[in-house]
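Please examine the structure shown below before reading further.

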Amino acid sequence: MSLFGAMSIAAAGAADLSALAWLRFATGLGLGAAMANAVTLMSEYSPEPRRAFIVSAMFCGFPLGAACGGLLASWLVPHAGWRSVLLLGGVAPLLLLPAMWLLLPESLRFLLLRGGNGEARRILKRLLPGVRLGDGDRLVLREADRTPGLRLVWSADYRTGTLLLAAAYFMGLLIFYLLTSWLPILISDSGMDLRQAALLTALFPFGGLLGSTLTGWLMDRYDAHRVLALAYLLTGALVFCIGQALDNHGLLALTICLAGIAMNGAQASMPSLAAAYYPTAGRASGVAWMMGIGRFGGIAGALLGATLLKFHLSLPLFFALLSLPALLAAAALLLKRRAVAIGRRAWA
C-alpha cells in the first residue's frame, strides 16, 4: 500500500507520458501485491464454514471502489484536472497505513510455519482469551505440504489447478475490462447520450457488492466450483442479452446490472477459491499468480475491444462474441474440479 500510494502521488506530478506510464506500472506492482496478500490474510483468519462469504465480502471492496472511483473521476476531472484523480488515489491508501500497521496481525499460520511462537502466542490470546497457554506449550501447524512459494504452486500436484484458476480469472477480467472500457461508447453508438451511457456502465461494477456476498454465501453451502461456473455461465448469457436489449433503455439497465452481479460475484470470489486450494506455504504465491496472470486478461480486454470495433460488427454480434470468454471460464473451473477430485483419489 505504501508503494502504490506513493507511486500514484508521483504519477500525478509526471512530466511526460513516458514517466506517467512507468509510474503507473510501479503503482500496479504495489496494488497487485496488496490485493493478493489481503485475500490470503483474510482467508487464514476466517472460520472455515463461512470463509468464502467473508473473503468475498472483503474483496467486493475492489469492484465497489472501481465504481466509486469512476464516479469521483467524472466529477474531479472537469473541476480539478486528471492529476487530481491520481493524487486522491495515492493519498487515500497512505491515510489508512497507520491503522493497518497497528491493528492487522500477521498470518497465524505463517508464524507457526516459520516457528514464530512468541508472536503467535500473543495473537492466540487475542483470538481465544479463555484459553490458557503455558510457557512450555509448543504451538504446531499440522500441515503436510510445506514446499515454499512458487515451488509448491507449480509442483506436479498443483500445476494443473494453477493454470485452470489463472485461465478462469483471465477470462473474467477480459470481460470486465472490455465492458468497463468500451461499454459507454458501444451504448452511445446505439443512440443514447454519452453521459447516460456512462451512468449505465457504472451499474456494472456496482453489481459487485451484491454479487460478491451472494456468491460467497452460496460457495460455503454448495460446491464452490459449480457455484462459480454457474455465475460465469449466467454472465455469458446476460452479456449476450445486453446486445439484444439496446433499443429498450429500461431493460438494458436491468440487464447490465444483473450482468454486473453475476460477473463481479464470480470474479470477486475467485481469490477465495484459490486461497482454499493451496496450503499455507504457497497460498499467497498461488493467489498472486492467479491474479497476476489474470491482469493480462484486463489488458487483453481493452485491446480486444478496440480490435473488434475496427471490424464494424453489429452490436448484437459484438456482445455475442464477448459472452464466449465467460463460457471458457466456466469450463476451466469444472475441469479444475474434476482434476482436484482425481488428485484426491490418487492421494487416497
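Arg-337 and Asp-223 are joined by a salt bridge, their closest N and O atoms being 2.8 Å apart. The term salt bridge denotes a side-chain nitrogen of Lys or Arg within 4 Å of a carboxyl oxygen of Asp or Glu. Because Arg-337 belongs to helix α16 while Asp-223 sits in the loop between α11 (208-221) and α12 (224-244), the pair ties together parts that are 114 residues apart in sequence. Helices here are DSSP runs (H or I, at least four residues), numbered from the N terminus. Arg-337 counts as partly exposed, at 29% relative accessibility, and Asp-223 counts as partly exposed, at 29% relative accessibility. On this scale, buried means under 20% relative accessible area, exposed means over 50%, and partly exposed lies in between (1.4 Å probe, protein chains only).

The model is predicted: local features need pLDDT of at least 70, side-chain atom pairs count only at pLDDT 80 or more, and totals for chains, interfaces and linings use all residues. Residues are numbered from 1 along each chain as its sequence is written, and side-chain values use heavy atoms, with hydrogens and water left out.

How many salt bridges does the rule give? The count comes to 2. Side chains of opposite charge can pair when their charged atoms come close. Besides the pair already described, Glu-44 and Arg-283 meet through their side chains in a salt bridge (2.7 Å, N to O). Glu-44 is part of helix α2 and Arg-283 of helix α14 (residues 280-310), so this pair ties together parts that are 239 residues apart in sequence. Glu-44 is buried, with a relative accessible area of 13%, and Arg-283 counts as buried at 8% relative accessibility.

Ser-107 counts as buried because its relative accessibility is 5%. Setting aside residues up to four places away in sequence, Ser-107 touches Leu-41, Glu-44 and Tyr-45; contact means heavy atoms within 4.5 Å.

Lys-336 lies over the face of Tyr-277, at 4.2 Å from the ring centre. A charge sits over a ring if NZ of Lys or CZ of Arg is within 6 Å of the ring centre and within 35 degrees of the ring normal.

The structure holds 7 aromatic pairs. Rings of Phe, Tyr and Trp (its six-membered ring) pair if their centres lie within 6.5 Å; planes under 30 degrees apart count as stacked, over 60 as edge-to-face and the rest as tilted. The rings of Trp-22 and Phe-25 have centres 6.1 Å apart and planes at 85°, so the pair is edge-to-face. Both residues lie in helix α2 (residues 17-44), 3 residues apart, about one turn of the helix, and both Trp-22 and Phe-25 are exposed. Tyr-158 and Tyr-277 form another edge-to-face pair, with 5.3 Å centre to centre and 70° between the planes. This pair links distant parts of the chain, with Tyr-158 in the loop between α8 (149-153) and α9 and Tyr-277 in helix α13 (residues 249-277), 119 residues apart. Tyr-158 and Tyr-277 are both buried.

The interior remains to be described. In soluble globular proteins, nonpolar side chains tend to be buried together. A nonpolar core is a set of buried Ala, Val, Leu, Ile, Met, Phe, Trp, Tyr and Cys residues joined through side-chain atoms within 4.5 Å. The largest such core has 68 residues, of which Leu-252, Met-270 and Phe-319 touch the most other members. Helix α9 (residues 159-189) supplies the largest share of this core, 15 residues. Apart from this core lies another, of 7 residues, among them Leu-108, Leu-111, Leu-112 and Ala-120.

Terms used
Helices (H or I, at least four residues) and strands (E, at least two) are DSSP runs, numbered from the N terminus.
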